[in-house]
Amino acid sequence: MALESLIVLIIVGAIAGWLAGIIVKGVGFGLIGNIVVGIVGAFIGSWLLPQFGIHIGGGIIAAIIDATIGAVILLVIIGLIKRA
């Protein structure tokens, strides 16, 4: 992965983490924690969605949507683990 792609993935992940924190209420980790979750979610979304044959499209908006989906999935899983 090129350095530019990594930087874009981190920025997109930060935005996605913020959005996921708004979507999944009650499981968030505060602003900084949700940004970190969003960055991890960006990696998850960029890997997981193509595995299921889901291709949203190209561009920054599609990347934010992918990363937000990955971050929401991660927050839901973390929420389930925290409750157990």
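Q: What covers the buried residues of helix 3?
A: The cover of these residues includes helix 1 and helix 2. The model is predicted: local features require pLDDT of at least 70, side-chain atom pairs count only at pLDDT 80 or more, and totals for chains, interfaces and linings use all residues. Residues are numbered from 1 along each chain as its sequence is written, and side-chain values use heavy atoms, with hydrogens and water left out. Helices are DSSP runs of H or I with at least four residues, strands are runs of E with at least two, and both are numbered from the N terminus.

Q: Which residues of helix 3 are buried?
A: A residue is called buried under 20% relative accessible area, exposed over 50%, and partly exposed in between (1.4 Å probe, protein chains only). In helix 3, the buried residues are Ala62, Ile64, Asp66, Ala67, Thr68, Gly70, Ala71, Val72, Leu74, Leu75 and Gly79.

Q: Why does the span of helix 3 agree with its 24 residues?
A: The expected span is 1.5 Å times one less than the number of residues. For the 24 residues of helix 3 this gives 34 Å, and the end C-alpha atoms are 34 Å apart, so the two agree.

Q: How do the spans of helix 1 and helix 2 stand against expectation?
A: Helix 1, residues 3-23, reaches 30 Å between its end C-alpha atoms, close to the 30 Å expected for 21 residues. Helix 2, with 22 residues, reaches 30 Å, close to an expected 32 Å.

Q: Which helices do the buried residues of helix 1 pack against?
A: They pack against helix 2 (30-51) and helix 3 (60-83), contact being heavy atoms within 4.5 Å. The buried residues of helix 1 are Leu9, Val12, Gly13, Ala16, Gly17, Ala20 and Gly21.

Q: What makes lysine 25 buried or exposed?
A: A relative accessibility of 66% makes lysine 25 exposed. Lysine 25 sits in the loop between helix 1 and helix 2. Its C-alpha atom is 9.9 Å from that of valine 76, 51 residues apart along the chain.

Q: Why is isoleucine 44 assigned its accessibility class?
A: With a relative accessible area of 25%, isoleucine 44 is partly exposed. Isoleucine 44 lies in helix 2 and touches Leu49, Gly70 and Leu74, not counting residues up to four places away in sequence. The C-alpha atoms of isoleucine 44 and alanine 67 are separated by 7.4 Å.

Q: What makes isoleucine 78 count as buried, partly exposed or exposed?
A: The value is 22% relative accessibility, so isoleucine 78 counts as partly exposed. Isoleucine 78 is in helix 3, and its C-alpha atom is 9.9 Å from that of valine 37, 41 residues apart in sequence.

Q: Which residues make the nonpolar surface patch of about 980 Å²?
A: Val8, Phe52, Ile54, Ile56, Ile60, Ile61, Ile65, Ile69, Ile73, Ile77 and Ile81 make the patch. Patch members have over 30% relative accessible area and no salt bridge; like charges are joined within 9 Å, and nonpolar side chains (Val, Leu, Ile, Met, Phe, Trp, Tyr) within 5 Å. A salt bridge is a side-chain nitrogen of Lys or Arg within 4 Å of a carboxyl oxygen of Asp or Glu. Helix 3 supplies the largest share of the patch, seven residues.

Q: Why is isoleucine 65 given its accessibility class?
A: Isoleucine 65 counts as partly exposed because its relative accessibility is 37%. Isoleucine 65 lies in helix 3.

Note on methods. Accessible areas come from the Shrake-Rupley method with a 1.4 Å probe; for residues, only the protein chains shown count as cover.
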